[in-house]
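Here are some exercises to work through with the model open beside you. Try each task before you read its solution.

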Amino acid sequence: MQIHAASVEDYISQIPEDRKEVFRKLFDTVNDNLPKGFINNPSYGMVGWAVPLETYPAGYHCAPGSPLPFISLASQKNFIALYHMGIYAKPELLEWFVAEFPKHSARKLDMGKSCIRFKKMEDIPFELIAEVSKKMTVEDWIECYESNFKR
């Protein structure tokens, strides 16, 4: 389910009413805890954060001329998804997150390669999301991206 929006507020206005408050809190949690240098940019039918072209002119190899994506949030049909490219690209960060998750949630971790799915809005581990948001700087992400994806 993609939501086409020009801004975060536009995106949130299109989310089902029962998710708006939680989605806003999740957005604020990531936004307030990311290291300086990332920009907020709606893309791919989600809201997210990326490395701006001013910082990394090479941009995203899959979409030349666009900022390098890092974290995205999406309201899907049955869940809210957080996509964290650092978790996908850096095994140590994935291992840390998987080990920490049970300390913050009684639910089983529902996760793909970079996608963390939250089906129960009341069970989102906001403190853990804040922690993982702090783990990579813009410079860390560029270095990780270049060593893993850039050819």
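**Exercise 1.** Classify Arg107 by its relative accessibility, then find which residue its side chain meets in a salt bridge.

*Solution.* Step one: Arg107 has 42% relative accessibility, so it counts as partly exposed (buried is under 20% relative accessible area, exposed over 50%, partly exposed in between, with a 1.4 Å probe and protein chains only). Step two: its side chain meets that of Asp123 in a salt bridge, 2.4 Å from N to O (a side-chain nitrogen of Lys or Arg within 4 Å of a carboxyl oxygen of Asp or Glu). Step three: the two residues are 16 apart and link distant parts of the chain, Asp123 in the loop between β5 and α5, Arg107 in the loop between α4 and β5. Asp123 is partly exposed too, at 26%.

A note on the source: this is a predicted model, where local features need pLDDT of at least 70, side-chain atom pairs count only at pLDDT 80 or more, and totals for chains, interfaces and linings use all residues. Residues are numbered from 1 along each chain as its sequence is written, and side-chain values use heavy atoms, leaving out hydrogens and water.

**Exercise 2.** Find the bridge partners of Ser72 in the strands on either side of the pairing.

*Solution.* Step one: β2 and β3 run antiparallel, joined by five bridges (strands pair if DSSP finds at least two bridges between them); here Ser72 partners Gly48. Step two: β3 also pairs with β4 in the antiparallel sense, and there Ser72 partners Tyr83. Step three: a hairpin of four residues joins β3 to β4.
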